[in-house]
Amino acid sequence: MTSVRQGIATEIPVAGRRTLAVLQLLAMLWFGGCGGVLTEIPDLNTPDGRVFAERCGACHGKPFGGHGITHGVPDPRFRTVLEWQEELARMEALMREKGMPPLTEVERETISRYLNGHAKP
Ligand code: HEC
């Protein structure tokens with residue numbers, strides 16, 4: 001987060017308003033799309049929500065790659081049931097790639113139930 005703010009502060013005098021606007025748009029998309037802080041995510045403190053937070057937060061609670069932004073777990077309300085099916089498969093492939101233990105049948109069902117229960121209509 002700090003790095004984004006510093007980035008904006010140093011960009012303004014150099015590249016002017018357009019850069020700022022682009023950065024703001026990116027920030028809005030990023031934080032909007034991912035639900036922002038953990039506390040805004042619905043029903044995290046339920047049996048299903050906890051499995052979701054634990055398995056998906058293993059990566060999503062930490063900075064990604066080089067850019068160092070932490071944004072918490074993704075917000076289930078930003079994708080439809082169908083989109084979550086695809087996303088879940090994609091994430092399972094990423095987990096395999098990173099050598100993480102794969103989701104068990106029960107975990108996959110639990111996380112799907114959580115996501116589908118809060119998905120975009
Ligand atoms: C192995 C680490 C890892 C795990 C575990 C993981 N993800 Fe991700 N996820 C990533 C990375 C890295 C990206 C960004 C790159 C990309 O989209 O391919 C990402 C991107 C996403 C995105 C798209 C960007 C966004 O935030 O809107 C969604 C949605 C998502 N993950 C959901 C999940 C869900 C749900 C789970 C739990 C089943 C999960 N992820 C578990 C690493 C992980």
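Trainee: What is the handedness of the crossing in which α4 passes α5?

Mentor: In this predicted model, the axes of α4 and α5 are 9 Å apart and the helices pack at an angle of about 145°. The crossing in which α4 passes α5 is right-handed.

Trainee: Which residues of α5 meet V81, W84 and L88 in α4?

Mentor: The residues of this contact divide into 5 nonpolar, 2 polar and no charged. On the α4 side they are V81, W84 and L88. On the α5 side they are I111, S112, L115 and N116.

Trainee: Are α3 and α5 roughly parallel or roughly perpendicular to each other?

Mentor: The axes of α3, residues 47-60, and α5, residues 105-118, come within 8 Å and cross at roughly 110°. Angles of 65 to 115 degrees count as roughly perpendicular. α3 and α5 are therefore roughly perpendicular.

Trainee: How many residues of the contact of α3 with α5 are charged?

Mentor: α3 brings D48, G49, V51, F52 and R55 to this contact, and α5 brings E107, T110, I111, R113 and Y114. Of these residues, 4 are nonpolar and 2 are polar. The number of charged residues is 4.

Trainee: Is R55 buried or exposed?

Mentor: R55 lies in helix α3. Leaving aside neighbours within four places in sequence, R55 is in contact with L103, E107 and I111. A residue is buried if 20 or more other C-beta atoms lie within 10 Å of its own. R55 has 22 such neighbours, so R55 counts as buried.

Trainee: Is V106 buried or exposed?

Mentor: V106 is found in helix α5. V106 has 9 C-beta neighbours inside 10 Å, so V106 counts as exposed.

Trainee: What is the C-alpha to C-alpha distance of V106 and V51?

Mentor: V106 belongs to helix α5, and V51 is among the residues of α3 that make the contact with α5. V106 and V51 are 55 residues apart in sequence, and their distance in space is 9.9 Å.

Trainee: Which residues are in contact with A53, leaving aside its neighbours within four places in sequence?

Mentor: A53 is found in helix α3. A53 has 21 other C-beta atoms within 10 Å and is buried. With the neighbours within four places set aside, the residues in contact with A53 are L44 and V73.

Trainee: Where is V73 placed, and how many residues along the chain separate V73 from A53?

Mentor: The place of V73 is in the loop between α3 and α4. The C-alpha atoms of A53 and V73 are 6.6 Å apart in space, and the separation in sequence is 20 residues.

Trainee: Is V73 buried or exposed?

Mentor: V73 is a loop residue between α3 and α4. Its C-alpha atom is 8.9 Å from that of A58, 15 residues apart along the chain, and 9.6 Å from that of R55, 18 residues apart. With 21 C-beta neighbours inside 10 Å, V73 counts as buried.

Trainee: What is the phi of D43 near?

Mentor: D43 sits in the loop between α2 and α3. D43 is partly exposed, with 14 other C-beta atoms within 10 Å. Most residues other than glycine have a negative phi. The phi of D43 is positive, near 50°.

Trainee: Of the residues around the ligand, which come nearest?

Mentor: The elements that give two or more residues to the shell are α2, residues 17-34, α3, and α4, residues 81-97. By class, the shell has 12 nonpolar, 2 polar and 3 charged residues. Of the 17 residues around the ligand, those that come nearest are C56, C59, P74, M91 and K98.

Trainee: How many helices does the protein have, and what percentage of its residues count as buried?

Mentor: From the N terminus on, the elements run α-α-α-α-α. The protein has 0 strands, and the number of helices is 5. Of the 121 residues, the share that counts as buried is 13%.

How values were computed
Residues numbered from 1 in each chain as written. Predicted model: local features only at pLDDT ≥ 70, side-chain atom pairs only at ≥ 80, totals over all residues. Axes fitted to C-alpha atoms, helices over the stretch in contact; angles between N-to-C directions. Helix = DSSP H or I, 4+ residues; strand = E, 2+ residues; numbered from the N terminus. Parallel < 35°, antiparallel > 145°, perpendicular 65-115°, else oblique. Contact = placed C-beta atoms within 7 Å. Nonpolar A, V, L, I, M, F, W, Y, C, P; charged D, E, K, R; others polar. Near = placed C-beta within 6 Å. Left-handed = near helix turned anticlockwise from the far one by under 90°. Buried ≥ 20, exposed ≤ 12 C-beta atoms within 10 Å, placed from the backbone.
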